[in-house]
Amino acid sequence: MELRTNRRALVSLGIAGALIASSFTLFRADTGTASSHREAPMTSGDPRNDNTDVYAFVSPDKPDTVTLMANFIPFEEPNGGPNFYQFDTNSRYNIKIDSDGDAKPDITYQWRFQNQDKRGNTTFLYNNGPVTSLNDENLLFKQRYTLTKITSGGSETLVSNGTVAPSNVGRASMPNYGTLRSAAIVGLKGGGKTFAGQSDESFFLDLRVFDLLYGGDLSEVGQDTLKGYNVHTLGLQLPKDELALKGDSKRNPVIGVWSTVDKRGPNGFVQVSRLASPLVNELVMPAGLKDTFNSISPDKDAGIPAVVNRVTDPELARLLQSIYGIKAPATPRNDLVQIFLTGITEDNGPIKADLNSQTLNKDAVKLRPSEMLRLNMSIPPSKDPNRLGVIGGDPQGYPNGRRFIDDTVDISLQVVAGAAQSGKLVDALAAGDKVDANDKPTGGTFPYIPLPSNISVNQN
């Protein structure tokens with residue numbers, strides 16, 4: 001699929017921009033951790049505060065809204081009781097929106113959690129009978145939450161006493177888990193919705209990429225490493241105008257999205273996790289930067305030369321050349337600067353397309369290069385979605401936001417190997433990791449992410 005195109009052709013498709021952003025930050029190593037699937041040394045010891053994935057897409061069944069989602073707690077074994085998984089009550093979980101391009105949050109949606117534990121010294125069980133509702137007396141442990149919207153004008157409580165959907169203990173304990181999921185969806189003022197609870201791990205990939213890029217000969221592929229595991233999900237479905245600059249999504253359709261976790265310490269809350277695009281900390285950052293990757297805000301990203309250099313001269317491209325003989329594109333990689341830091345417009349680099357820059361917003365301020373998952377809300381849901389997203393000819397897919405079907409591993413390998421720059425796919429990587437879809441289909445209504453498994457991973 002030819003990625004290069006002209007402004008008129010893209011505008012005729014309703015495209016005003018959003019491709020990809022990826023976290024590049026450097027700070028003191030003792031102030032934060034990084035996130036996503038055990039990719040950093042420190043976060044592997046604090047899974048409740050590990051943000052594994054962020055999703056942002058125009059809602060397929062309600063195209064006047066956008067769905068935003070952040071997942072936490074990697075590798076939840078479904079049978080991991082008796083103390084099943086839970087959000088951290090000492091942390092603040094955030095989804096943040098930048099609508100004007102300055103890399104600072106214009107809107108923050110923040111969750112805080114409290115435990116209700118009735119077990120005491122009586123039992124070790126999570127539930128002592130079948131659970132058929134969120135208020136069932138047999139459910140002995142549950143979490144409640146508050147959801148607050150924070151803007152420059154102040155804060156507003158959107159949900160004061162929400163209930164988290166519990167962990168899926170098993171078919172005897174929760175004979176119809178779908179009813180519990182449905183009951184945990186809360187309507188918001190203005191027509192939005194929110195959800196907090198356990199879900200299927202929908203990120204699909206073969207993690208043997210770390211064994212010298214799939215065994216050094218592409219022999220170690222085809223195994224979905226995350227199949228059967230669960231995560232904890234925070235989701236929002238909101239009208240587009242609520243997220244857009246000046247409340248006008250037609251005039252200002254591009255938003256930047258990222259998620260953070262702030263953990264309470266002796267001196268107050270400290271940001272310990274930050275995530276937007278997948279795989280960046282895993283495949284771009286060197287080991288020495290991983291634990292500090294998410295400790296600062298996106299507006300600081302462009303001022304870190306050591307990290308910017310990882311974009312303009314990426315290690316992964318050099319590895320693809322040394323291991324597989326796939327010639328690395330010439331440096332500096334200005335195409336990756338567009339993709340990862342500035343967004344793509346036909347005026348600011350080698351990729352000649354108006355796809356994702358917030359400068360496409362008519363009321364945007366001066367753009368600050370930064371890591372965010374940028375979504376163009378003007379692009380309607382695809383009638384025939386392609387797992388390769390934009391480079392597969394599907395402008396509503398990753399890296400224009402991110403959907404559950406998007407094959408972010410194959411897309412990322414292609415982009416680093418130069419597909420966006422050349423305008424065509426790299427044939428040597430056509431098969432990718434041979435994990436092309438999640439084992440469970442995406443749902444048709446919010447929160448879309450499949451129900452959590454209650455079957456042991458080793459049984460799968």
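P385 is partly exposed in this predicted model, with a relative accessibility of 42%, and is placed in the loop that runs between strand 12 (373–376) and helix 10. Once its neighbours within four places in sequence are set aside, P385 is in contact with D394, R403 and I405. The C-alpha atoms of P385 and Q396 are 8.0 Å apart in space, the two residues being eleven residues apart in sequence. R403, one of the contacts of P385, also forms a salt bridge with D406, in which the closest N and O atoms are 2.7 Å apart; both D406 and R403 are buried.

Helix 10 itself, which comprises residues 408–416, is mostly covered, nine of its nine residues being buried. The buried residues are T408, V409, D410, I411, S412, L413, Q414, V415 and V416, and they pack against four other helices, namely helix 3 (212–218), helix 8 (315–324), helix 9 (334–342) and helix 11 (419–422). D410, which is among the buried residues of helix 10, also takes part in a network of salt bridges that links it with R387, D407 and D436. Just after helix 10, a positive phi of about 110° is found at G418.

Helix 8, one of the packing partners of helix 10, has L316, A317 and L320 as its buried residues. Viewed down the axis of helix 8, these buried residues fall within an arc of 105°, so they line one face of the helix. Helix 8 is followed by G325, for which phi is positive and near 75°.

When residues up to four places away in sequence are not counted, L243 touches V66, L68, I97, S99, I107, Y109, L238, I255 and M377.

Across the structure, 18 salt bridges are present. One of them joins D46 to K263, with the closest N and O atoms 3.1 Å apart. Because D46 lies in the loop between helix 1 (7–12) and strand 1 (51–58), whereas K263 belongs to strand 10 (residues 254–265), the pair ties together parts that are 217 residues apart in sequence. D46 is buried, at a relative accessible area of 18%, while K263 is partly exposed, at 27%. A further salt bridge is formed by E156 and K189, whose closest N and O atoms are 2.7 Å apart. E156 lies in strand 6 (residues 154–163) and K189 in the loop between strand 7 (186–187) and strand 8 (193–200), so this pair ties together parts that are 33 residues apart in sequence. The relative accessible area of E156 is 31%, which makes this residue partly exposed, whereas K189 is exposed, with a value of 68%.

Taken as a whole, the protein has eleven helices and twelve strands. Of its 460 residues, 59% are buried, and the accessible surface comes to about 17,600 Å², 51% of which belongs to carbon and sulfur atoms. Among the contacts between residues at least 6 apart in sequence, 69% join residues at least 24 apart. The confidence of the prediction has a mean pLDDT of 87, with 88% of the residues reaching 70 or more. Over residues 1–36, however, pLDDT stays under 50, although the model has 172 contacts beyond four places in sequence for this segment.

Definitions and conventions. Residues numbered from 1 in each chain as written. Predicted model: local features only at pLDDT ≥ 70, side-chain atom pairs only at ≥ 80, totals over all residues. Heavy atoms only, no water. Buried < 20%, exposed > 50% of the residue type's maximum accessible area, 1.4 Å probe, protein only. Helix = DSSP H or I, 4+ residues; strand = E, 2+ residues; numbered from the N terminus. Contact = heavy atoms within 4.5 Å. Salt bridge = Lys/Arg side-chain N within 4 Å of Asp/Glu carboxyl O. pLDDT = per-residue confidence, 0-100. Arc of directions from axis to C-beta. Areas by Shrake-Rupley, 256 points an atom, 1.4 Å probe, with all protein chains shown as cover.
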